[in-house]
Amino acid sequence: MKILSKLIVNADDFGYSEAVNYGIISAHRNGIVTSTTIMANMPGFDHAVNLLKENKDLGCGVHMTLSCNKPLNDNLKSLVDEDGMFYRRINEEVLNKIDLDELYYEFCSQIDKVKNAGIEITHLDSHHHVHTILYFKEVIKAIMDKYNLKIRGGFEYESDYKENVIPCVDLFYDKNVDIEFFNNNMAKIKSYDICDLMTHPAFIDNYLLNSTSYAINRAKEHEILTSKKVKTILNENEIILTNYKNL
């Protein structure tokens with residue numbers, strides 16, 4: 001019996017801004033996006049929560065955030081710069097400053113905020129893949145022990161909870177945002193029983209344009225992810241679209 005590959009198409013950065021939120025919802029309703037992850041510390045959070053109530057088929061996890069905007073908690077000195085904002089780049093210098101207890105507290109606060117908003121959390125991932133960093137291994141292990149959720153893979157190390165890790169295809173980004181990405185990477189997608197395709201579809205607003213260098217290509221991602229051609233490619237390759245809550 002032939003086993004068909006399952007693909008989770010996850011739209012990162014839900015809650016970033018209203019335009020991002022609308023773009024993700026459109027990519028779900030009109031395209032192949034099956035899952036999203038929400039940023040609890042961003043200005044579009046409440047708007048995103050309300051949109052989820054109208055789109056119950058869209059799975060939603062938590063996009064743990066350490067490098068965008070500011071933390072939910074005011075007293076975490078090791079995580080922020082002199083202006084109280086998260087460091088935008090988590091380099092070695094920043095890693096050496098971070099108190100792991102503070103990081104655990106902040107990530108748990110973000111997860112709990114999403115849970116308390118009434119969202120059934122399907123899984124975890126993170127902004128800029130920070131959850132995969134070796135230095136944060138014990139923090140992520142403690143979070144996994146506490147919440148027992150699925151988590152996006154791509155770790156720099158061998159994890160202790162392999163049964164909860166879903167492999168990640170993270171190449172649909174920047175210069176690789178093209179319809180041919182799906183043909184060119186189909187063998188990799190099919191090499192997994194199930195995998196998570198990281199995407200960033202969005203509509204554009206001033207907040208997005210003024211806060212990140214990765215903005216315009218998000219509209220291109222939306223166009224591709226809602227195209228008839230990409231649906232045809234997946235159908236011809238017998239790829240089953242799913243999300244984390246259906247695992």
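Analyst: Let's begin with α9: its buried residues pack against β1 (6-14), α1 (18-29), α6 (180-184), β8 (194-199), α8 (206-211) and α10 (228-236). Keep in mind that this is a predicted model.

User: Which residues of α9 are buried?
Analyst: In α9, which covers residues 216-225, the buried ones are Arg218, Glu221, His222, Ile224 and Leu225. Looking down the axis of α9, those buried residues fall within an arc of 165 degrees, so they line one face of the helix.

User: And which residues are exposed on the other side of α9?
Analyst: Ile216 and Glu223 are exposed there.

User: Is Tyr16 buried or exposed?
Analyst: Buried, as its relative accessibility is 2%.

User: OK, aromatics then. How many aromatic pairs are there?
Analyst: The count comes to eight aromatic pairs. One of them is Tyr16 with Tyr207: the ring centres are 5.7 Å apart and the planes are at 65 degrees, so this pair is edge-to-face.

User: Where do Tyr16 and Tyr207 lie?
Analyst: Tyr16 is in the loop between β1 and α1, while Tyr207 is in helix α8, so the pair ties together parts 191 residues apart in sequence. Tyr207 is partly exposed, at a relative accessible area of 32%.

User: Which residues form an aromatic cluster?
Analyst: Phe155, Tyr157 and Tyr161 form one. Tyr157 also comes up in the contacts of Lys137: leaving aside neighbours within four places in sequence, Lys137 is in contact with Tyr157, Glu158 and Asp160.

User: Where's Lys137 found?
Analyst: In helix α5. Lys137 is partly exposed, with 24% relative accessible area.

User: Changing topic: what does the largest nonpolar core look like?
Analyst: It has 76 residues, and the ones with the most contacts inside it are Ile38, Leu66, Phe107, Leu124, Ile140, Ile143 and Phe182.

User: What does Leu124 touch?
Analyst: Not counting residues up to four places away in sequence, Leu124 touches Val62, Met64, Ile111, Ile143, Met144, Leu149, Lys150, Ile151 and Arg152.

User: Phe107 is on that core list too. Which residues of α4 are buried?
Analyst: Phe107 is one of them, along with Glu102, Leu103, Glu106, Cys108, Ser109, Gln110, Ile111 and Val114. What covers the buried residues of α4 includes β2 (35-38), α2 (45-53), β3 (59-64), β4 (121-126) and α5 (137-147).

User: How many residues does α4 have, and how far does it reach?
Analyst: Helix α4 runs over residues 100-116, so to speak 17 residues, and reaches 24 Å from its first C-alpha to its last, close to the 24 Å expected at 1.5 Å a residue.

User: Which ring does the charged end of Lys113 sit over?
Analyst: The ring of Phe45, at 4.5 Å from its centre.

User: Last bit, the tail end. Where does Leu247 lie?
Analyst: In the segment after β9 (240-242). Leaving aside neighbours within four places in sequence, Leu247 is in contact with Ile8, Ile166, Ile194 and Thr242. Leu247 counts as partly exposed, at 44% relative accessibility.

User: How far apart in space are Leu247 and Asp125?
Analyst: They are 16 Å apart, C-alpha to C-alpha, and 122 residues apart in sequence.

Note on methods
Residues numbered from 1 in each chain as written. Predicted model: local features only at pLDDT ≥ 70, side-chain atom pairs only at ≥ 80, totals over all residues. Heavy atoms only, no water. Core = buried A, V, L, I, M, F, W, Y, C linked by side-chain atoms within 4.5 Å. Buried < 20%, exposed > 50% of the residue type's maximum accessible area, 1.4 Å probe, protein only. Contact = heavy atoms within 4.5 Å. Helix = DSSP H or I, 4+ residues; strand = E, 2+ residues; numbered from the N terminus. Arc of directions from axis to C-beta. Phe/Tyr/Trp six-rings, centres within 6.5 Å; stacked < 30°, edge-to-face > 60°. Lys NZ or Arg CZ within 6 Å of the ring centre and 35° of its normal. Expected span 1.5 Å × (residues − 1).
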